[in-house]
Amino acid sequence: MPTRRATRLIATMCPFPGPFPEPWHGLLSTAYGEGRRAYHTLAHVAEVLQHLHWARDLLPAPLVDEPSVVVAILFHDAVYDARAKDNEARSAALAREALAAAPIADPARVTELILATARHGAIDPGGDRDLALFLDCDMAILGAAEARYDAYERGVAYEYAEAYPPAAFREGRAAFLEALAARPRLFATALFHDTYDATARANLRRAIAALRAAPAPAPSAPRTP
């Protein structure tokens, strides 16, 4: 889907009290069009927003600061370079710049949420319900149907192919997934845990086994089912 059309669709999914900021269409299109991307695209942003819509209608209490959660979703992967260690900080900085011209959310809270994505699999949201839901929506891909999850793994492999040799990527990716699988909970909220945990663990077992098996050919740009 062309990026401009994608941002128009995304705008309809954002429950802001006012209109979606017009300059953000170009800003998001440019940001998510940069770099070697296969999974971390505007399609991923739309999927995270879809999970937010699904979850908020089922949760017993509303979000404390929904605009900040939505803006964090929009910008959380705006900067994505597999070779860099500061993607989250730079994405948060871009969000703050956008909010300076369109103050529809709390820049400090948006920054806090985006920076938390650097610690997926290691952070405990505690009693922060908005953070828990934000992280669960971002990680919902773990519980996707098998074909969709496998496309996600191929996408990540493609994104990292220019940054790391295949063996180094496989080792690092397998170690990350193994650390996730060892956690007693993959999702912070009861809703996501009850809905996706079993499928997510099956996906992780399959992905880890594939990564620990014989080397695969260099990844090509995947096609999402």
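**Reading cysteines and rings**

Student: Does C137 count as buried or exposed, and at what relative accessibility?

Tutor: C137 has 2% relative accessibility, so it counts as buried. Keep in mind that this is a predicted model.

Student: How many disulfides does the structure hold?

Tutor: For a disulfide, look for two cysteine sulfurs within 2.5 Å. Here you'll find 0 disulfides.

Student: On to the rings. How many aromatic pairs are there?

Tutor: The count is 13 aromatic pairs. Take F20 and W24: their ring centres are 5.9 Å apart and their planes sit at 85 degrees, so that pair is edge-to-face. F20 and W24 are both buried.

Student: What kind of pair do F187 and F192 make?

Tutor: A tilted one, because their planes are at 35 degrees, with the ring centres 6.1 Å apart. F187 is buried, at 1% relative accessibility, and F192 is buried too, at 0%.

Student: Which residues do ring pairs link into a cluster with F16?

Tutor: F20, W24 and F75 join F16 in that cluster.

Student: Where does the charged end of R36 sit?

Tutor: Over the ring of Y158, 3.8 Å from the ring's centre.

Key: Residues are numbered from 1 along each chain as its sequence is written. This is a predicted model: local features need pLDDT of at least 70, side-chain atom pairs count only at pLDDT 80 or more; totals for chains, interfaces and linings use all residues. Side-chain values use heavy atoms; hydrogens and water are left out. Rings of Phe, Tyr and Trp (its six-membered ring) pair if their centres lie within 6.5 Å; planes under 30 degrees apart count as stacked, over 60 as edge-to-face and the rest as tilted. Buried means under 20% relative accessible area, exposed over 50%, partly exposed in between (1.4 Å probe, protein chains only). A charge sits over a ring if NZ of Lys or CZ of Arg is within 6 Å of the ring centre and within 35 degrees of the ring normal.
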